[in-house]
Amino acid sequence: MPKGAPYIIVAHRPFSGLNPYAETGSIFLCVEDCAAGGPDFPTRMLTSPSYIVRGHSSDERIVRDRSSVIGTPYIPARCARLFTDPQIGFV
């Protein structure tokens, strides 16, 4: 999203069922056409030094030993690694 561009924030829950871990998160959308991604995505949108990356099973439960706090620069690699895990259905 270009700096200073207007945007819309949408709440999204990607899970079909309701359980204590079926969280709702924010999605930021450009109001006007804009290019997604880019060489510094997602780090330009993530301003904290670290974030929780949670691995969820296909039955929409958090897989505890696959969820951890990750330094922001390492999020893409961590997500890619989680998606190779047969226990993980969502990140």
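User: Which residues does Ile75 touch, leaving out those up to four places away in sequence?

Analyst: This is a predicted model. In it, Ile75 touches Leu46, Tyr51, Val53 and Ile70. Contact requires heavy atoms within 4.5 Å.

User: What makes the set around Ile75 a nonpolar core?

Analyst: The label asks for buried nonpolar residues joined through side-chain atoms within 4.5 Å. The largest such core has 7 residues, namely Val53, Val63, Ile70, Ile75, Cys79, Leu82 and Ile88. Helix α1, residues 75-83, gives the most to this core, with 3 residues.

User: How many helices and strands does the chain have, and in what pattern?

Analyst: The protein chain has 1 helix and 4 strands. Along the sequence they follow the pattern β-β-β-β-α.

User: Why is Arg66 called buried?

Analyst: Its relative accessibility is 18%. Buried means under 20%, so Arg66 counts as buried. Arg66 is found in the loop between β3 (50-53) and β4 (68-71).

User: What surrounds Arg66, not counting residues up to four places away in sequence?

Analyst: Arg66 touches Val53, Arg54, Gly55, Arg78, Leu82, Asp85, Gln87 and Ile88. Among these, Val53, Leu82 and Ile88 also belong to the largest nonpolar core.

User: What makes the pair of Arg66 and Asp65 a salt bridge?

Analyst: The criterion is a side-chain nitrogen of Lys or Arg within 4 Å of a carboxyl oxygen of Asp or Glu. For Arg66 and Asp65 the closest N and O atoms are 2.7 Å apart, so the pair meets the criterion. The side chains of Arg66 and Asp65 also make a polar contact at 2.7 Å, where the limit is 3.5 Å.

User: Is Asp65 buried or exposed, and on what value?

Analyst: Asp65 has a relative accessible area of 58%. Exposed means over 50%, so Asp65 is exposed. Arg66, by contrast, is buried at 18%.

User: How do you know that Asp85 forms a salt bridge with Arg66?

Analyst: The closest N and O atoms of Asp85 and Arg66 are 2.5 Å apart. The cut-off is 4 Å, so the label applies. The side chains of Arg66 and Asp85 are in polar contact as well, again at 2.5 Å. Both Asp85 and Arg66 are buried.

User: Which parts of the chain does the salt bridge between Asp85 and Arg66 tie together?

Analyst: The salt bridge between Asp85 and Arg66 has its closest N and O atoms 2.5 Å apart. Asp85 lies in the segment after α1 and Arg66 in the loop between β3 and β4, so the pair ties together parts that are 19 residues apart in sequence.

User: What links Asp65, Arg66 and Asp85?

Analyst: A network of salt bridges links Asp65, Arg66 and Asp85. A search of the whole structure finds 2 salt bridges.

User: What stands out in the backbone of Glu60, and why is Glu60 called buried?

Analyst: Glu60 has a positive phi of about 70° although it is not a glycine. The residue is placed in the loop between β3 and β4.

User: Why is Gly89 called partly exposed?

Analyst: Gly89 has a relative accessible area of 34%. Buried ends at 20% and exposed begins over 50%, so a value in between is partly exposed. Gly89 lies in the segment after α1.

User: What makes the nonpolar surface patch, and which elements give two or more residues to it?

Analyst: Ile8, Val10, Ile27, Leu29 and Val31 make a nonpolar surface patch of about 370 Å². The elements giving two or more residues are β1 (7-12) and β2 (25-30). Leu29, placed in strand β2, has a relative accessible area of 39%. Patch residues need over 30%, so Leu29 passes that cut-off.

User: What percentage of the chain is buried?

Analyst: Buried residues make up 22% of the 91 residues in the protein chain. The accessible surface comes to about 6,400 Å², and 58% of this belongs to carbon and sulfur atoms.

Terms used
Residues numbered from 1 in each chain as written. Predicted model: local features only at pLDDT ≥ 70, side-chain atom pairs only at ≥ 80, totals over all residues. Heavy atoms only, no water. Buried < 20%, exposed > 50% of the residue type's maximum accessible area, 1.4 Å probe, protein only. Polar contact = N/O pair within 3.5 Å; in protein donor to acceptor, adjacent residues only side chain to side chain. Areas by Shrake-Rupley, 256 points an atom, 1.4 Å probe, with all protein chains shown as cover. Patch = residues over 30% accessible without salt bridge, like charges linked within 9 Å, V, L, I, M, F, W, Y side chains within 5 Å.
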